[in-house]
Amino acid sequence: MKVDIYDTYATAPDGRLMHFDFHVPAGTSQRDVERLAAKHVGGTDPEIEAERRVTNVLTQDPSVLSMLKGEGFIMQPLHSVAKRAA
């Protein structure tokens with residue numbers, strides 16, 4: 001299966017900034033990526049910014065394939081969650 005990887009930032013419900021890579025099946029639209037990320041982050045209307053940085057990466061790892069088929073995405077945290085600047 002081929003995947004696209006999005007560099008993603010989100011504002012958590014408590015105001016903290018989250019930074020993560022979001023892996024989705026190749027061809028998933030940016031709009032769908034942002035919708036899935038917002039659902040995962042939670043809250044009523046989290047701010048999400050996603051930019052595709054890698055496309056069509058082939059993966060054959062059974063655990064990755066299982067997560068992609070079950071959840072539709074994989075989230076890989078990149079930095080600790082930090083307090084948002086005022």
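This is a predicted model: local features need pLDDT of at least 70, side-chain atom pairs count only at pLDDT 80 or more; totals for chains, interfaces and linings use all residues.

Reader: OK, where is Thr59 found?

Author: Thr59 is in the loop between strand S3 (48–58) and helix H2 (62–71).

Reader: And what does the side chain of Thr59 reach?

Author: The backbone nitrogen of Asp61, at 3.5 Å.

Reader: Which residues does Thr59 touch, not counting those up to four places away in sequence?

Author: Met1, Val3, Val64 and Leu65. Val3, for its part, stands opposite Val57 in S3.

Reader: Let's zoom out. How many helices and strands does the protein have?

Author: Two helices and five strands. From the N terminus on, the order is β-β-α-β-α-β-β.

Reader: What box do the C-alpha atoms fill?

Author: Roughly 40 × 20 × 20 Å, taken along the principal axes.

Reader: What share of the residues counts as buried?

Author: 35% of the 86 residues. The accessible surface comes to about 5,600 Å², and 50% of that belongs to carbon and sulfur atoms.

Reader: What about contacts with a separation of 6 or more, what part comes from residues 24 or more positions apart?

Author: Those account for 63% of such contacts in the protein.

Reader: Now the strands. How many residues of strand S1 are buried?

Author: Seven of the 10 residues in S1 (residues 2–11), which leaves that strand mostly covered.

Reader: How many bridges join S1 to S3, and do they run parallel or antiparallel?

Author: Eight bridges, and S1 and S3 run antiparallel. S1 is also joined to S2, by nine bridges, and that pair runs antiparallel too.

Reader: How many residues sit between S1 and S2 in the hairpin?

Author: Four. Gly15 is in that turn and has a positive phi of about 90°.

Reader: Speaking of phi, which residue has a positive phi although it is not a glycine?

Author: Asn56, with a phi of about 55°. Asn56 is placed in strand S3.

Reader: Why does Asn56 count as partly exposed?

Author: Because its relative accessibility is 44%, and partly exposed covers the range between the under 20% of buried and the over 50% of exposed.

Reader: Back to S2. What is the bridge partner of Tyr9 there?

Author: His19. The side chains of His19 and Tyr9 also make a polar contact, at 3.3 Å.

Reader: What joins the side chains of His19 and Asp7?

Author: A polar contact of 2.6 Å.

Reader: Is His19 buried or exposed?

Author: Buried, at 11% relative accessibility.

Reader: Switching to rings. How many aromatic pairs does the structure hold?

Author: Two. One of them is Phe22 with Phe73, which is stacked: 4.7 Å centre to centre and 15° between the planes. The pair links distant parts of the chain, with Phe22 in strand S2 (residues 16–25) and Phe73 in the loop between H2 and strand S4 (74–77), 51 residues apart.

Reader: Remind me, by what is a pair of aromatic rings described?

Author: By the distance of the centres and the angle of the planes.

Reader: Are Phe22 and Phe73 buried or exposed?

Author: Phe22 is buried, at 0% relative accessible area. Phe73 counts as buried as well, at 10%.

Reader: Which residues form the aromatic cluster?

Author: Phe20, Phe22 and Phe73 form one cluster.

Reader: Last topic, Gly42. Where is its place?

Author: In the loop between helix H1 (30–41) and S3.

Reader: Why does Gly42 count as buried?

Author: Because its relative accessibility is 19%, and buried means under 20%.

Reader: How far is Gly42 from Ala12 in space, C-alpha to C-alpha?

Author: 7.2 Å, and the two are 30 residues apart in sequence.

Reader: Great, that's what I needed. Thanks!

How values were computed:
Residues are numbered from 1 along each chain as its sequence is written. Side-chain values use heavy atoms; hydrogens and water are left out. A polar contact is a pair of N or O atoms within 3.5 Å; within protein, one must be able to donate a hydrogen and the other to accept it, and residues adjacent in sequence count only if both atoms are side-chain atoms. Contact means heavy atoms within 4.5 Å. Buried means under 20% relative accessible area, exposed over 50%, partly exposed in between (1.4 Å probe, protein chains only). Rings of Phe, Tyr and Trp (its six-membered ring) pair if their centres lie within 6.5 Å; planes under 30 degrees apart count as stacked, over 60 as edge-to-face and the rest as tilted. Two strands pair if DSSP finds at least two bridges between them. Accessible areas come from the Shrake-Rupley method with a 1.4 Å probe; for residues, only the protein chains shown count as cover.
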